[in-house]
Amino acid sequence: MKSLIIALALVAAVPFPAHAEHRTPRDLRELAYQNGIRIGSAVDIAALRSEDDYRKVLNREFSHVTAENAMKWESVEPERGVFTWGDADALVDNARRNNQKVRGHTLVWHNQLPAWLTTGVENGTIDAAELRDILRDHVTTQVRRYKGKIRAWDVVNEVVNDDGTMRQSIWLTHLGPGYIADVFRWAHRADPHAKLYINDYNLEWNAPKIETTLSIVKDLQAQGVPIHGVGFQGHLGIQYDYPGDWANVMKRFADLGLEIAVTELDVRMVLPVTPEKLATQADYYRRALTDCLSVKVCREFTVWGFTDRHSWVPGWFDGEGAACLLDENLAPKPAYHALLTVKKA
Ligand code: XIL
């Protein structure tokens with residue numbers, strides 16, 4: 001008996017093996033925790049409300065969330081002065097209950113604007129001065145509403161074209177290039193602790209877009225404008241090469257003092273799905289996370305939906321799909337398992 005007690009005491013005294021914390025994580029939340037980042041997903045609010053299995057997986061796997069559509073201008077102010085915060089609130093409440101940080105998406109964009117706004121600008125009933133007031137009120141109202149509840153905001157989304165010129169949105173054409181500095185300042189005033197991002201697609205590899213975006217950031221910094229991060233959307237497809245220089249691009253932005261986030265990763269394929277395509281997809285996801293972890297200030301790795309049951313890809317890219325980590329039945333695909341093997345170098 002005595003020796004048994006001694007043996008037990010010895011076992012208890014053996015320190016927790018050092019490699020234990022590096023064992024294969026059981027899910028994405030644990031993977032994220034082990035690597036000191038947050039792994040997030042875009043959220044379809046209708047599914048969050050009505051599908052128990054969707055909600056369960058979201059809340060188990062992810063420690064960061066982004067509203068896929070619920071915080072866009074057309075969603076929160078479909079009619080002038082009529083605010084509909086229900087869906088956005090539901091996301092923020094669910095996040096608080098499940099220890100998830102929130103990315104606000106998005107304050108200023110050229111898409112998914114309410115019709116009252118675009119028509120008013122088009123037919124001249126909203127002039128430039130009024131448009132500027134409308135934009136300031138929108139940014140201030142929305143950021144203030146979620147003050148302290150949103151870790152990071154996509155303040156401007158997709159403001160640069162693929163050829164490196166500035167996008168001719170209603171914002172640029174009516175307010176001039178200074179609108180970008182204005183919206184960052186307004187957002188900062190409304191929530192001084194929120195991290196303010198510039199966000200774009202193809203920024204993983206497109207040289208003209210990268211150079212212009214870097215100069216926008218430097219310009220803002222030179223004017224003392226509060227900008228804290230750059231978001232790489234990361235809408236990839238396996239029919240294109242993996243953006244092999246992505247880690248270096250991240251480093252160039254990090255060298256300016258910005259934090260980095262992968263904000264909308266998905267990896268689509270031309271259908272039908274084959275085991276080979278799923279293996280390539282797994283490799284792209286694995287490399288994307290590896291690239292993020294290679295940069296110290298990459299804080300967040302968010303996928304644009306976690307299940308093929310709810311993905312924007314089939315609706316937007318003809319003949320393509322299967323872009324997510326889990327299939328339509330929420331079964332993990334090879335890409336999910338590949339992520340779990342990634343470790344910080
Ligand atoms: C997409 C949503 O996923 C779709 O449901 C919606 O119909 C259109 O917008 N870049 C972005 C996201 O910044 O807001 C877009 O989301 C995908 C591309």
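Guide: A polar contact is a pair of N or O atoms within 3.5 Å; within protein, one must be able to donate a hydrogen and the other to accept it, and residues adjacent in sequence count only if both atoms are side-chain atoms. The structure above is a predicted model, in which local features need pLDDT of at least 70, side-chain atom pairs count only at pLDDT 80 or more, and totals for chains, interfaces and linings use all residues. Residues are numbered from 1 along each chain as its sequence is written, and side-chain values use heavy atoms, with hydrogens and water left out.

Visitor: How far does the side chain of Asp-308 lie from the backbone nitrogen of Ala-323?

Guide: The two are 3.2 Å apart.

Visitor: What makes Asp-308 count as buried?

Guide: The relative accessibility of Asp-308 is 13%, so this residue is classed as buried (buried means under 20% relative accessible area, exposed over 50%, partly exposed in between, with a 1.4 Å probe and protein chains only). Asp-308 belongs to the loop between strand 9 (298-303) and helix 14 (313-316); helices (H or I, at least four residues) and strands (E, at least two) are DSSP runs, numbered from the N terminus.

Visitor: Which residues are in contact with Asp-308, leaving aside its neighbours within four places in sequence?

Guide: They are Ala-322, Ala-323, Cys-324, Leu-326, Asp-327, Glu-328 and Lys-333, where contact means heavy atoms within 4.5 Å. Asn-329 stands 21 residues from Asp-308 in sequence, and their C-alpha atoms are 8.3 Å apart.

Visitor: Why does Arg-189 count as exposed?

Guide: Its relative accessibility is 62%, and Arg-189 is therefore exposed. Arg-189 is part of helix 10 (residues 179-190). Between the C-alpha atoms of Arg-189 and Pro-25, which are 164 residues apart along the chain, the separation is 40 Å.

Visitor: Why is Gln-112 called partly exposed?

Guide: Gln-112 has a relative accessible area of 24%, which means that it is partly exposed. This residue sits in the loop between strand 3 and helix 7 (115-122). Although Gln-112 is not a glycine, its phi is positive, at about 50°.

Visitor: What is the phi of Asn-202, and where is this residue found?

Guide: Asn-202, likewise a residue other than glycine, has a positive phi near 65°. The loop between strand 5 (195-200) and helix 11 (207-222) holds Asn-202. With 15% relative accessibility, Asn-202 is classed as buried.

Visitor: How do you know whether the span of helix 6 agrees with its number of residues?

Guide: Helix 6 (residues 86-97) has 12 residues, and at 1.5 Å a residue these should span 16 Å; the end C-alpha atoms are 16 Å apart, so the two values agree. The expected span is 1.5 Å times one less than the number of residues. Ala-88, Ala-90, Leu-91, Val-92, Asn-94 and Ala-95 of helix 6 are buried. Their cover includes strand 1 (38-43), helix 3 (45-50), helix 4 (52-61), strand 2 (64-67) and strand 3 (101-108). Asn-99, which follows helix 6, has a positive phi near 55°.

Visitor: What makes Asn-59 count as buried?

Guide: Asn-59 has 13% relative accessibility and is therefore buried. Asn-59 lies in helix 4. Beyond its neighbours within four places in sequence, Asn-59 is in contact with Arg-29, Asn-94, Asn-98 and Gln-100.

Visitor: What is the peptide bond from His-105 to Thr-106, and where is Thr-106 found?

Guide: That peptide bond is cis, with omega near 0°, and Thr-106 is in strand 3. The bond from Leu-271 to Pro-272 is also cis, with omega near 10°. Pro-272 is placed in the loop between strand 8 (259-270) and helix 13 (275-293).

Visitor: How far is a polar side-chain atom of Glu-264 from an oxygen atom of the ligand?

Guide: The distance is 2.8 Å. For Asn-157, an N or O atom of the side chain is 3.0 Å from an oxygen atom of the ligand. A polar side-chain atom of Glu-158 is 3.2 Å from a nitrogen atom of the ligand.
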